[in-house]
Amino acid sequence: MEILKAFLLMVILGAVIGLFLGIAGNKLAVKEDTRVADLLAMLPGYNCGGCGNPGCSGMAEALVSGKSHIEDCKPCKPDQRAKIKEYMKEHDLAA
């Protein structure tokens with residue numbers, strides 16, 4: 001009988017903790033900014049560092065935060081720059 005009580009107590013405790021963790025996971029979830037990934041896909045991908053940022057991912061983050069301009073990316077072709085500028089206008093980012 002004592003083993004059954006201990007088992008039921010552990011099942012109830014596990015259910016309560018699982019419910020709490022499920023709710024906390026939803027409430028405390030960090031939403032990723034998809035603009036960085038979108039801009040990274042539009043950049044040339046050379047990771048040369050010529051823009052002064054640590055690679056293209058650093059450049060994408062700097063573009064989103066407004067710390068860099070697309071003109072800083074030396075290997076970026078004019079049509080790519082135009083596409084990135086249009087994307088930045090659409091998403092209210094400083095071009």
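Trainee: Is Met59 counted as buried or exposed, and at what relative accessibility?
Mentor: Met59 is at 1% relative accessibility. Buried means under 20% relative accessible area, exposed over 50%, and partly exposed in between, with a 1.4 Å probe and protein chains only. Met59 therefore counts as buried. Before we continue, note that this is a predicted model, in which local features need pLDDT of at least 70 and side-chain atom pairs count only at pLDDT 80 or more, while totals for chains, interfaces and linings use all residues. Residues are numbered from 1 along each chain as its sequence is written, and side-chain values use heavy atoms, with hydrogens and water left out.

Trainee: In which helix is Met59 found, and with which residues is Met59 in contact?
Mentor: Met59 is found in helix H3; helices are DSSP runs of H or I with at least four residues, numbered from the N terminus. Contact means heavy atoms within 4.5 Å. Leaving aside neighbours within four places in sequence, Met59 is in contact with Leu43, Cys51, Asn53, Ser68, His69, Ile70, Asp72 and Cys73. As for His91, 32 residues from Met59 along the chain, the C-alpha atoms of the two are separated by 17 Å.

Trainee: Why is H3 described as largely enclosed by the rest of the structure?
Mentor: Eight of the 11 residues of H3 are buried, so the description applies. The buried residues are Gly55, Cys56, Gly58, Met59, Ala60, Ala62, Leu63 and Val64, and they pack against H2 and H4. Just after H3, Gly66 takes a positive phi of about 85 degrees.

Trainee: What makes H2 oblique to H3?
Mentor: The two helices pack at an angle of about 130 degrees, with their axes 8 Å apart. Axes are lines fitted to C-alpha atoms, for helices over the stretch in contact, and angles run from 0 to 180 degrees between N-to-C directions. Angles under 35 degrees count as roughly parallel, over 145 as roughly antiparallel, 65 to 115 as roughly perpendicular and the rest as oblique. The angle therefore makes H2 oblique to H3. On the H2 side the contact is made by Arg35, Val36, Leu39 and Leu40, and on the H3 side by Cys56, Ser57, Ala60, Glu61, Leu63 and Val64.

Trainee: What joins the side chains of Ser68 and Asn53?
Mentor: A polar contact of 3.1 Å joins them. The term denotes a pair of N or O atoms within 3.5 Å; within protein, one must be able to donate a hydrogen and the other to accept it, and residues adjacent in sequence count only if both atoms are side-chain atoms. Ser68 is found in the loop between H3 and H4, whereas Asn53 lies in the loop between H2 and H3.

Trainee: Are Ser68 and Asn53 buried or exposed?
Mentor: Ser68 counts as buried at 6% relative accessibility, and Asn53 counts as buried at 14%. Not counting residues up to four places away in sequence, Asn53 touches Gly58, Met59, Ala62 and Ser68. With the corresponding neighbours within four places left aside, Ser68 is in contact with Asn53, Met59, Ala62 and Leu63.

Trainee: What is noted about the phi of Asn47?
Mentor: Asn47 has a positive phi of about 55 degrees although Asn47 is not a glycine. Most residues other than glycine have a negative phi. Asn47 lies in the loop between H2 and H3 and is exposed, with a relative accessible area of 51%.

Trainee: How does one know that Asp92 is exposed?
Mentor: Asp92 is at 74% relative accessibility and therefore counts as exposed. Asp92 is found in the segment after H4, and its phi is near 55 degrees, a positive value in a residue other than glycine.
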